[in-house]
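Hello,

Here is the structure we talked about, with my notes below it. Please have it open while you read.

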Amino acid sequence: MTTKPPPLTTSRWFNSKAPLDLPALAGRVVAVYAFQMLCPGCVANALPQAQRLREAFPESDLAVIGLHTVFEHHEANTPAALEAFLHEYRIKFPVGIDAPDPNGGPIPQTMRGYALQGTPSLLLFDRQGRLVHKLFGHPPDLTLGAAVQALVQSGAAASPGAQAEVEDGCADGVCAAPVG
């Protein structure tokens, strides 16, 4: 998959002096981790992986961004709760809150724009800002690291792993978003 991506539509940013947008990050590989703080697979696998990825590559080569993408338990996933969560888990990379559906639906705008199936999801962009991988689930660290390294070195796409297959609900550390 190689397409020009939709924007990250956010309502607030943490760990960033200003809102981030993908065109401003051109020239770097970008990894966007869509997560929910109440998603077990996100907390146990995706966010620690994002932190390891952030530590493994210079910021001049790789931007790691979190996207708090809430499609369930809206009353518990508040900005204040997220701020405390980011502090407690020592997450230092920028995290945006996916803007809610303006029509009041459960699926936030960026999640809908990228047709994400649930959390955790990973969006990986090359140095030209093209979406090269959209993964639902948790790819192995070594496979993802090799894919990012290939993008950093040559800009060529490399496969960071197969997409997790789940039905409605949570299985194997991923939580599927409701259809609709």
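**Salt bridges**

Arg 127 and Asp 61 form a salt bridge through their side chains, 2.8 Å from N to O. Arg 127 sits in the loop between E6 and E7, and Asp 61 in the loop between H1 and E3, so the pair ties together parts 66 residues apart in sequence. Keep in mind throughout that this is a predicted model.

The salt bridge count comes to four. Another one joins Arg 52 and Asp 141, whose closest N and O atoms are 2.7 Å apart. Arg 52 belongs to helix H1 and Asp 141 to helix H4, so this pair ties together parts 89 residues apart in sequence. Arg 52 is partly exposed, at 38% relative accessible area. Asp 141 is partly exposed too, at 35%.

Asp 101 and Arg 112 also meet in a salt bridge, with 3.7 Å from N to O. This pair links distant parts of the chain. Asp 101 is in the loop between strand E4 (95–98) and H3, while Arg 112 is in helix H3, 11 residues apart. Are the two partners buried or exposed? Asp 101 counts as buried, because its relative accessibility is 15% and the limit is under 20%. Arg 112 is partly exposed, with a relative accessible area of 42%.

As background, side chains of opposite charge can pair when their charged atoms come close.

**Aromatic pairs**

How many aromatic pairs does the structure hold? There are three. The rings of Phe 35 and Phe 85 have centres 6.5 Å apart and planes at 25°, so this pair is stacked. Phe 35 lies in strand E2 (residues 29–35) and Phe 85 in helix H2 (residues 79–88). The two are 50 residues apart, and the pair links distant parts of the chain. Both Phe 35 and Phe 85 are buried.

Tyr 114 and Phe 125 pair in another way. Their ring centres are 6.3 Å apart and their planes stand at 80°, so the pair is edge-to-face. Tyr 114 is in the loop between helix H3 (109–113) and strand E5 (118–119), and Phe 125 is in strand E6 (residues 121–125). The pair therefore ties together parts that are 11 residues apart in sequence. Tyr 114 is buried at 4% relative accessible area. Phe 125 is buried as well, at 1%.

There is also a cluster: ring pairs link Phe 35, Phe 85 and Tyr 89.

**Helix H4**

H4 covers residues 141–154. Its 14 residues should span 20 Å at 1.5 Å a residue, and its end C-alpha atoms are 20 Å apart, which agrees.

Which residues of H4 are buried? They are Leu 144, Ala 147, Val 148, Leu 151 and Val 152. Looking down the axis of H4, the buried residues fall within an arc of 135°, so they line one face of the helix. On the other side of H4, Leu 142, Gln 153 and Ser 154 are exposed.

What covers the buried residues of H4? The cover includes E2, helix H1 (40–56), strand E3 (62–68), E6 and strand E7 (131–136). Helix H1 also provides Arg 52, the salt bridge partner of Asp 141 in H4.

**Cysteines**

The structure holds zero disulfides. Cys 39 is buried, with a relative accessible area of 1%. Cys 42 is buried too, at 0% relative accessibility.

**Backbone points to check**

Most residues other than glycine have a negative phi, and most peptide bonds are trans. Here are the spots I would look at against that background.

- Thr 119 and Pro 120 are joined by a cis peptide bond, with omega of about -5°. Pro 120 lies in the loop between E5 and E6.
- Asn 15 is not a glycine, yet its phi is positive, at about 60°. Asn 15 is in the loop between strand E1 (10–14) and E2. Asn 15 is partly exposed, with a relative accessible area of 40%.
- His 73 is not a glycine either, and has a positive phi of about 50°. His 73 is in the loop between E3 and H2. His 73 counts as partly exposed, at 43% relative accessibility.

Best wishes

Methods:
Residues numbered from 1 in each chain as written. Predicted model: local features only at pLDDT ≥ 70, side-chain atom pairs only at ≥ 80, totals over all residues. Heavy atoms only, no water. Disulfide = S-S within 2.5 Å. Buried < 20%, exposed > 50% of the residue type's maximum accessible area, 1.4 Å probe, protein only. Phe/Tyr/Trp six-rings, centres within 6.5 Å; stacked < 30°, edge-to-face > 60°. Helix = DSSP H or I, 4+ residues; strand = E, 2+ residues; numbered from the N terminus. Expected span 1.5 Å × (residues − 1). Arc of directions from axis to C-beta. Contact = heavy atoms within 4.5 Å.
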